[in-house]
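Here is my note on this model, point by point. Please read it with the structure open.

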Amino acid sequence: MLKGSDRIAILIGLFCGLRLNETLRLQWSNFDFDKGILHVYQSKTNKTVLIPLARFLIDELVLYKSECVGEDLFEGPDIKRGRIATYCNRFRKLFKRLGIHGVSYHTLRHSFATICSDVGSDIITTKELLNHSDITMTMRYTHKQMDVKRNTIDKVAQHILNSNKKSLSLVSVQ
């Protein structure tokens, strides 16, 4: 089981969809636990985005904060020097040790986008949470699972079959 900073970094990536460099640069002042909001500066767009926090993540962060000293969630000379590649490799190796092959920290961002879509988030909301400049990029991040596609087809079929009986004559086999 993961503990400490690795656990928190992965939970933030999965529950908030942040890039690794945004996660590693987080400070406690970015969090408003009373309102359940994360204020994060997104490096690619030069904007600050407000991300609602899940209660589970807030509880994990509060527990982690009790173990931390200082304003930074994650400390280390490589973070301060901007050597994010060191941490990319670190997480790739960590996932591999956990038996999850071919996964990087950035995969968590894609997973976040896919899960948003799978639970019914519209593409605009997902785009805003990821702070993408356009929907095309968000669409590249979401990877629908077959069961979600099947569920959609079942709903479409039920809608067609249950909506207007007159319209059924258009699709009836004679």
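1. Buried means under 20% relative accessible area, exposed means over 50%, and partly exposed lies in between (1.4 Å probe, protein chains only). Arg-19 and Glu-22 are both buried. They form a salt bridge, with the closest N and O atoms 2.8 Å apart. A salt bridge here is a side-chain nitrogen of Lys or Arg within 4 Å of a carboxyl oxygen of Asp or Glu.

2. The model is predicted: local features need pLDDT of at least 70, side-chain atom pairs count only at pLDDT 80 or more, and totals for chains, interfaces and linings use all residues. Residues are numbered from 1 along each chain as its sequence is written, and side-chain values use heavy atoms, without hydrogens and water.

3. The salt-bridge count comes to 5. One of them joins Arg-7 to Glu-60, at 3.1 Å between the closest N and O atoms. This pair links distant parts of the chain: Arg-7 is in helix H1 and Glu-60 in helix H3, 53 residues apart. Helices are DSSP runs (H or I, at least four residues), strands likewise (E, at least two), numbered from the N terminus. Arg-7 has 21% relative accessibility, so it counts as partly exposed. Glu-60, at 16%, counts as buried.

4. Phe-31 deserves a look. Its bridge partner in E2 is Leu-38. E1 and E2 pair in the antiparallel sense over 2 bridges; pairing requires at least two DSSP bridges between strands.

5. Phe-31 also touches Ile-12, Leu-61 and Leu-73, among others. Contact means heavy atoms within 4.5 Å.

Definitions and conventions
Lists of a residue's contacts leave out its neighbours within four places in sequence.
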